[in-house]
Amino acid sequence: MLTPVERVLILKGADLLSEVGPRHLLGLAHVAQEIDMSRGETIYGEEDAADALYLVVEGRVRLSTGERATSEVGPGEAFGTWALIDGSRRGQSAVVLEDGLLLSLRRADFYEEASGDVTLLQEIIRVLAKRLRALVSDRPEEARVEPEGRPEDEESSSGPEGSAATRERDGIRELDGTAPKGRAGAASK
Amino acid sequence: MSLSRAFARRLGLDPDGLALLARMGALSAILFGAYTIAKVLRDSLFIGEYGALSLPYAYIAVAFCSAGYVFLESRVAHAFPRLGARRFNQWTAILLSLALAMALPRAPHVTSGLLYLWVSSQAMMLLPHFWAMGLDLWDSQRARRLFPLLGGCGLVGGLAGGAIAAASAKVLPPTGLIWALPALLLVVRLLTSGIEGRHVEHAASIPAATRDSSWDIIRRSRYIKILAVALTLSVCISTLVDFQFKIFAQKMYPEPHDLTRFLGTFQVGLNSVSLLLQFGATGWLLQRLGLGPSTGLQPGTVLVFATWAAVTTGGWAVVAMRWLQGVAALTLGKSSNEIYYAAIRPHERRRIKPALDTLIERWSDAVVGCILLVVMRLLQIPVGVIVGMTAMVAAMWLFVLFHLDRQYGRAFREALSRRAFDPEDVPESMRVPAARQALLEALASGEERRVLVALRFCSLARHPLLARAVRERLADPSPAVQAGAIVAMEGMGLRDPEGTVERLTRSPDEGVRRAAVHHVIALSPGGLAFARRVLDGPDDPLRAEVVEALADRPASAEALFDRARIDAWLASGRPDDLLLAARALGAIDASFAAEALRVLLEHPDTEVRRAALAAAARRPRAASLPILLPLLETPGLGHEARRAIVPLGDAAVPALERLLAGQGGERARAQAAGALARIATPRARRALATLVRSPDARLRHLGLSGLARIRLETGRPVLPRSLVHRLFLREMRDYRACALPAAALRQHAVPELRLLGESWRESAGRAVERGVQALACWYDPRPLFGVLDRLRPDTSGDAAPALEYLGRLLPRRVFHAVHRVLEQEAQVVPGEDQEGERLAGWIRAAWENGDAWLRAVAVRASRCVPGFDARLFEADDARETPEAPGREAPEAIVRAEIAALGRAPVRAAAVGRC
């Protein structure tokens with residue numbers, strides 16, 4: 001059983017929560033749940049709804065899109081961060097590589113806690129804004145607002161850079177902190 | 001610790017900042033040295049060729065030259081970024097000085113005149129550019145400390161320049177000395193280039209240059225206009241004093257060589273004393289006296305000496321006056337004048353400062369020149385009368401300075417109050433024809449967002465043309481626009497004779513339906529019949545809308561919500577019916593309503609209880625209080641319970657006081673404080689005031705935030721001023737205790753210790769918040785919101801405007817105590833004191849602080865300090881504090897950490913590294 005201070009230290013490992021003050025994180029630490037994980041276990045699949053953020057306390061987790069492994073997450077690292085913001089499907093699967101322990105923060109619990117803590121939300125919005133600004137400065141051409149009603153844009157954009165949908169997914173993964181190392185690094189520059 | 005490091009720390013600079021200061025100091029010295037040589041050459045050559053009595057003509061000519069050059073420079077500034085303008089100015093100066101140096105031996109008479117024009121116009125613009133660059137590099141608080149140093153460096157340069165000019169008069173003709181100017185200006189250019197790298201980095205955070213012209217900026221700002229008047233008067237004084245001095249100097253030294261030597265020696269003497277003052281007393285005086293009195297020393301000195309000179313009519317009194325005025329101008333006057341510019345927004349300052357400085361200086365000279373010509377040539381008035389005129393202008397200057405100083409404080413107050421706006425201003429502004437036209441254009445634009453915004457403002461404008469345009473929006477294909485149009489119609493009191501709105505009550509869109517129901521019930525003659533029809537019908541969502549719409553119309557509600565209908569809804573037991581009953585009970589005062597509401601407040605369904613609480617808030621009954629109080633602690637209902645308790649007023653205060661005293665948990669205590677703040681009666685205020693002296697920081701926070709809220713709502717002070725100061729100082733002492741370890745541990749490599757630093761920082765932020773809330777109990781809270789935003793340790797905002805404002809708001813002794821606290825924090829270098837006994841000291845301080853979270857983190861951090869004596873934690877006498885259900889009590893967190901001390905950190909990789 002982790003102590004509240006340990007939980008706060010672990011929650012600080014999630015990029016989205018890194019700027020949040022410790023006392024505000026304490027509220028989240030109270031509602032976070034410890035989950036034991038075993039090798040080979042699927043934490044979530046690509047089609048599952050994103051409903052919780054996970055932080056690895058012990059063990060390792062592999063994140064994959066289709067057959068392609070996108071990254072591995074170890075102790076102190078977070079995955080599925082975007083779930084706190086957006087309830088869309090995961091878009092990638094998470095499978096346990098080594099036995100261990102996860103700390104999970106469900107979106108419903110997060111919002112219940114955040115509803116009484118404006119500062120917590122302000123800090124998260126600040127982090128999101130910073131990440132978006134980094135993304136925009138890194139790839140300004142993708143930050144352009146395209147005119148509506150041009151479905152052919154999506155088709156024509158598939159090329160070396162991939163389709164708009166792929167780019168959107170990549171953007172989310174960069175915010176999520178689970179993009180392949182090179183690009184995530186660029187996003188957090 | 002090296003001397004430079006100690007010096008940097010004293011100035012609140014990092015090593016890079018110190019290097020930048022050194023470069024700026026060197027630039028200042030060379031620039032002012034070159035300018036002093038130029039001035040000595042200018043005066044000696046001009047007086048030698050044309051005579052001192054020709055100076056008024058020169059003043060007028062210089063004004064025209066300056067205007068022409070400022071126009072040219074503004075064109076360049078418009079076409080190029082700021083760095084381009086500065087570079088243009090410096091290269092122009094180098095080229096013109098070269099040209100004049102070459103021309104002087106060939107045509108001394110004409111070149112002396114041209115030199116006078118160049119030095120007084122184009123070359124002079126180098127100085128405002130230098131100070132503008134300084135203001136971009138440092139904020140107003142730093143400027144107070146650093147500008148006197150830069151001014152001192154300038155004086156060293158001036159001293160050297162004067163000495164060179166005086167010494168060279170013996171060995172070199174002026175045609176030789178003038179070659180020093182292009183050489184020195186070239187060095188100035190090279191140094192500026194070196195600094196610009198740092199400058200550009202800083203300037204990135206400054207908003208882009210404004211498109212408004214300098215004149216527009218000056219015209220719309222009262223502050224800039226007063227500043228301009230003050231600068232004008234200061235220049236008039238300088239010119240008048242200088243003119244009298246030069247007349248006397250020419251009489252004493254008719255030979256140009258003697259005059260050059262005298263002027264050079266005079267500059268040396270002037271700059272030497274200024275230098276001693278600058279490094280010895282100017283910074284201290286600026287800090288202690290403040291801007292107004294510091295700037296006022298210059299006109300004060302002139303007033304005294306001009307009166308003396310007028311009485312004695314002695315020439316040496318004029319020399320003494322010129323000398324003292326020069327010393328005051330070069331030391332306090334220069335630094336404080338530049339700091340007054342800090343109250344102008346950076347992009348506007350950048351635009352107007354060089355032009356304002358140069359034009360004011362030169363046109364003031366021209367005005368003085370014209371006056372002198374009229375006085376001396378036409379009216380044949382003797383020179384002695386000018387001394388009296390000087391005293392009068394000095395008195396006027398003092399008066400304007402008094403106003404300028406008040407406006408300076410007000411400028412910061414307005415900047416800090418921007419978050420708070422006055423909603424009363426909006427309706428007035430919407431009634432002007434231009435606003436009406438803008439609304440009509442927006443309504444016809446077809447852009448949904450624009451139309452919606454316009455609809456929101458239409459109810460404030462009320463005009464037949466707008467009424468027609470709003471009605472037309474009912475046919476808009478967008479449901480949001482339809483709903484907005486109906487709401488606007490209701491706000492404007494527009495009826496719907498064609499029945500379009502009633503038809504929209506059957507719209508599939510919820511927003512449109514709601515707006516239409518409200519409109520029909522509020523404004524339609526058949527509104528009551530419509531409501532009865534819907535309530536008797538089967539459409540649950542529409543019934544809910546009708547009940548909601550009737551809530552604000554008690555007369556109609558009493559007629560429709562009779563006992564039979566309410567009982568039927570209660571008896572059905574359906575959640576929808578129970579919600580309808582709860583909402584209906586909020587609209588009526590009937591005797592049976594109290595009992596029915598009690599049933600609903602105790603219902604297990606949270607939504608039903610929430611609706612019942614909303615009804616209780618609308619129809620407050622003291623009898624409901626015992627049921628409402630426990631709901632303050634219920635998750636998800638505390639906010640609604642508080643809203644239901646507040647309308648009970650004083651009747652609720654005793655019960656809330658008991659909660660404040662700790663009868664409930666922490667959550668109940670916070671809600672009780674919030675409720676008392678909203679009740680805001682004298683009794684509620686007294687209840688909150690008992691908390692502000694508590695040793696428990698959490699209680700102080702509740703008390704101070706509640707009282708500050710009452711202060712904001714009522715507009716009247718809620719605590720005595722002296723008490724507010726004492727409370728503020730106490731919180732700032734708390735802040736100091738937290739800020740030092742926070743700063744020292746900010747960048748620690750070990751996560752546990754970094755967490756301790758962050759927790760200290762959070763505590764420091766809360767202390768600042770409490771301190772500012774304490775001030776808000778007496779002072780106007782609106783600018784204090786801005787002060788809080790800038791002083792919080794977790795924000796990277798510029799604290800200087802907040803300190804400027806507090807410096808004007810608070811008594812000197814209170815402000816200096818605060819200033820010292822913040823300076824002390826600035827002197828902590830992150831990364832220092834991270835090991836050994838100092839670290840153990842921070843942990844012990846956290847443990848002894850009394851805050852449960854800090855204690856818990858201190859226990860955790862103690863693992864990372866080898867040899868730390870953990871027996872300290874055995875003396876834990878913490879008592880159990882009741883908490884909200886489902887939460888660990890604060891002291892339980894501490895005990896959990898103490899219990900975990902015995903076990904190894906099994907999850908070291910995720911949790912920490914120690």
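Two strands pair if DSSP finds at least two bridges between them. Helices (H or I, at least four residues) and strands (E, at least two) are DSSP runs, numbered from the N terminus. The model is predicted: local features need pLDDT of at least 70, side-chain atom pairs count only at pLDDT 80 or more, and totals for chains, interfaces and linings use all residues. Residues are numbered from 1 along each chain as its sequence is written, and chains are lettered from A and ligands numbered from 1 in the order in which they are written.

**View 1. Strand β3 of chain A and its pairings.** Strand β3 (residues 52-65) of chain A pairs with strand β6 (residues 93-106) of chain A in the antiparallel sense, over 11 bridges. Here Glu58(A) stands opposite Leu101(A) of β6(A). Strand β5 (residues 78-79) of chain A also pairs with β3(A), antiparallel, over 2 bridges. Tyr54(A) has Phe79(A) of β5(A) as its bridge partner.

**View 2. The β3-β4 hairpin of chain A.** Strand β4 (residues 68-73) of chain A runs antiparallel to β3(A), paired over 5 bridges. Thr65(A) faces Arg68(A) of β4(A) across the pairing. The two strands form a hairpin with 2 residues between them. In the turn, Gly66(A) has a positive phi of about 60 degrees.

**View 3. Chain A as a whole.** Chain A holds 8 helices and 6 strands. Their order from the N terminus is α-α-β-β-β-β-β-β-α-α-α-α-α-α. Of its 189 residues, 37% count as buried (buried: 20 or more other C-beta atoms within 10 Å of the residue's own; exposed: 12 or fewer; partly exposed: in between; C-beta atoms are placed from the backbone). Two residues are in contact if their C-beta atoms, placed from the backbone, lie within 7 Å. Among contacts in chain A with a separation of 6 or more, 73% join residues 24 or more positions apart.

**View 4. Val268 of chain B.** Val268(B) sits in helix α12 (residues 256-289) of chain B. Val268(B) is buried because 21 other C-beta atoms lie within 10 Å. Leaving out residues up to four places away in sequence, Val268(B) touches Leu159(B), Gly162(B), Ala163(B) and Ala166(B). Leu159(B) is 109 residues from Val268(B) in sequence, yet 4.9 Å in space, C-alpha to C-alpha.

**View 5. Helices α25 and α28 of chain B.** Axes are lines fitted to C-alpha atoms, for helices over the stretch in contact, and angles run from 0 to 180 degrees between N-to-C directions. The axes of α25 (residues 540-550) and α28 (residues 575-585) of chain B come within 9 Å and cross at roughly 10 degrees. So α25(B) is roughly parallel to α28(B) (under 35 degrees; over 145 is roughly antiparallel, 65 to 115 roughly perpendicular, the rest oblique). From α25(B), Asp540(B), Arg543(B), Ala544(B), Val547(B) and Glu548(B) make the contact; α28(B) supplies Asp576(B), Leu580(B), Arg583(B) and Ala584(B). By class, the residues of this contact are 4 nonpolar, no polar and 5 charged (nonpolar: Ala, Val, Leu, Ile, Met, Phe, Trp, Tyr, Cys and Pro; charged: Asp, Glu, Lys and Arg; polar: the others, Gly among them).

**View 6. Helices α39 and α40 of chain B.** The axes of α39 (residues 781-791) and α40 (residues 800-809) of chain B come within 8 Å and cross at roughly 135 degrees. The two helices, α39(B) and α40(B), are therefore oblique to each other. Pro783(B), Gly786(B), Val787(B), Arg790(B) and Leu791(B) of α39(B) meet Pro801(B), Ala802(B), Tyr805(B) and Leu806(B) of α40(B). This contact has 7 nonpolar, 1 polar and 1 charged residues.
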